[in-house]
Amino acid sequence: MDEIPELTNEFISNLSKRNANEPEFLQAVFEVTEDILPFIEQNPEFKKYKILECMAEPERAILFRVPWINDKGEIEINRGYRIQMNSAIGPYKGGLRFHPSVNISILKFLAFEQVLKNSLTSLPMGGAKGGSDFDPKGKSDTEIMKFCQSFMTELSNHIGPNTDVPAGDIGVGGREIGYMFGQYRRLKREFTGVLTGKGMEFGGSLIRPEATGYGLVYFVEEMLQQKGDSLAGKKIVVSGSGNVAQYAIEKCIEHGATVLTASDSDGYIYDPAGIDKEKLAFIFELKNERRGRIKEYADRYGCEYVEGKKPWNIDCDVALPCATQNELDEEGALELVSNGCLIVGEGANMPSTPGAITVFQQNKVLYAPGKAANAGGVAVSGLEMSQNSMRYSWTKKEVDTKLKEIMKNIHKTCVKYGRQSDGFIDYKKGANIGGFVKVANAMLAQGLV
Ligand code: NDP
């Protein structure tokens, strides 16, 4: 065991040198390392074949120019990416993000997390992530279409139904997937399941839009049941008001919980009466059709709007960060703890900073990392791939039942690898080791490739 810190230091210092300008990527790998390295020590084959070192290096990183013409007739140039991280257990799979903050560090962190997440689902999917620094905010439909077509013109050379199957993420929803699918079909002259999150009319799966938010709530319900409790009557704080947040809120309401907050990048609303079904319908319309700001919710329902802040100071039992990475810092975590928060379930990818995670662990808050808690989205994407291959569609109930089963199994895996001697479940450790084992074994079996 003495060797562990040394090995950790060597691994970390090499990784830091190689990826010096990639803070988010380093953060994601280090978060996994502290759980994985002791496990690797017990399995010397993984150490001998440098499996973790291999996993921290993308199989391929593609960077390309995306030129397009805006509504004023001006030329715009964006940068496109696809990070194909690991395909040891299946074709690359992972979302596309369109947001001005997108860069190689953010996409490598997301791709690295995706590898472990996809493994946890138990479906045969490798991990990837991609996107562009294109900002969809304020763009017309025509501009979005032109951008998506240009982006796909290059991306189409690198993906395929058995190679790499992208999906949505921040800034990429049904509309963008539709435009990209159309362009792929036109370029390749074939109708294949090359993207997931497609419209129902052209190969989409029922429950895919709902899957990440629903899956998150199914996972949190499992965590509570493990403690002999349930979501009914619980006070929930949610950040974000996009795809993941919307369906997490919907499922919390169905479970009889009270959702007190929602947010966007400008601020959050606090509704002590709870977001009910009618108010949620307003959020759907506001965000998905009018693409407006969350402040309008406060104006309409006469509740508080707090500009430029996150909702972590609100008294709650469960916190569901569903917006973006590093949105929940140490200070926010301390506020949650002092207000009696029992569970943090990550709908977003890496929303908690390392400082926040330490606070949760020190205070025995049950902390479910995104790679486990938000895996429902990619799981149903995997089910969409299966349906496309079979040229068949399952019913809503069939997909939802499979999603529930997958989330239950991920929870079981986390408990298996994360149970501590005092009975406390370390979900982070459980998810990291549980996700790692399958990929590592597949990599060992396939040799040095
Ligand atoms: P959306 O684009 O639908 O919504 C994103 C939400 O987060 C919006 O409310 C947005 O506000 C807010 N947001 C984005 N960036 C920031 C920021 N820098 N600071 C504060 N708020 C921000 O994305 P999704 O709901 O699809 O994704 C949310 C998170 O969930 C991401 O971390 C994503 O990687 C993760 N995820 C998504 C999955 C999916 O299936 N969609 C699957 C698994 C994980 P605004 O409108 O102001 O930008």
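Mentor: Helix 9 (residues 243-254) packs on helix 10 (residues 277-289) at an angle of about 170°, and their axes are 11 Å apart. Helices here are DSSP runs of H or I with at least four residues, strands are runs of E with at least two, and both are numbered from the N terminus. Axes are lines fitted to C-alpha atoms, for helices over the stretch in contact, and angles run from 0 to 180 degrees between N-to-C directions.

Trainee: So what does that make helix 9 relative to helix 10?

Mentor: Roughly antiparallel. Angles over 145 degrees get that label, under 35 is roughly parallel, 65 to 115 is roughly perpendicular, and the rest are oblique.

Trainee: Before we go on, what kind of model is this?

Mentor: This is a predicted model: local features need pLDDT of at least 70, side-chain atom pairs count only at pLDDT 80 or more, and totals for chains, interfaces and linings use all residues. Residues are numbered from 1 along each chain as its sequence is written, and side-chain values use heavy atoms, with hydrogens and water left out.

Trainee: Okay, back to the helices. Which residues in helix 9 and helix 10 meet?

Mentor: From helix 9 you have Gln 246, Tyr 247, Ile 249, Glu 250 and Ile 253, and they meet Lys 277, Leu 280, Ile 283, Phe 284, Lys 287 and Asn 288 of helix 10. Contact means heavy atoms within 4.5 Å. The residues of that contact divide into 6 nonpolar, 2 polar and 3 charged. Nonpolar covers Ala, Val, Leu, Ile, Met, Phe, Trp, Tyr, Cys and Pro, charged covers Asp, Glu, Lys and Arg, and the others, Gly among them, are polar.

Trainee: What else does helix 9 lie across?

Mentor: Strand 6, strand 7 and strand 11, running at about 170° to strand 6. Those strands belong to an open sheet of 5 strands with parallel pairing, in the order 7-6-11-12-13. Two strands pair if DSSP finds at least two bridges between them.

Trainee: Which strands stand at the edges?

Mentor: Strand 7 (258-259) and strand 13 (366-368); each has a single partner strand, so one side of each is left without a neighbour in the sheet. Further in, strand 6 (residues 235-239) and strand 11 (residues 318-321) pair over 4 bridges, with Val 237 partnered by Ala 319.

Trainee: And helix 8, where does that lie?

Mentor: Helix 8 (residues 208-226) lies across strand 11, strand 12 (343-345) and strand 13, at about 155° to strand 12. Look at Thr 212 in that helix. Thr 212 is buried, at a relative accessible area of 9%. Buried means under 20%, exposed over 50%, and partly exposed in between, using a 1.4 Å probe and protein chains only.

Trainee: New topic: how many disulfides does the structure hold?

Mentor: 0. A disulfide here is a pair of cysteine sulfur atoms within 2.5 Å. The sulfur of Cys 341 has its closest cysteine sulfur in Cys 316, 4.2 Å away, which is too far for a bond.

Trainee: Is Cys 341 buried or exposed?

Mentor: Buried, at 6% relative accessibility.

Trainee: Last one: how do strand 1 and strand 2 run?

Mentor: Antiparallel, with 10 bridges joining strand 1 (residues 60-69) to strand 2 (residues 75-86). In their hairpin, which has 5 residues between the strands, Gly 73 takes a positive phi near 85°.
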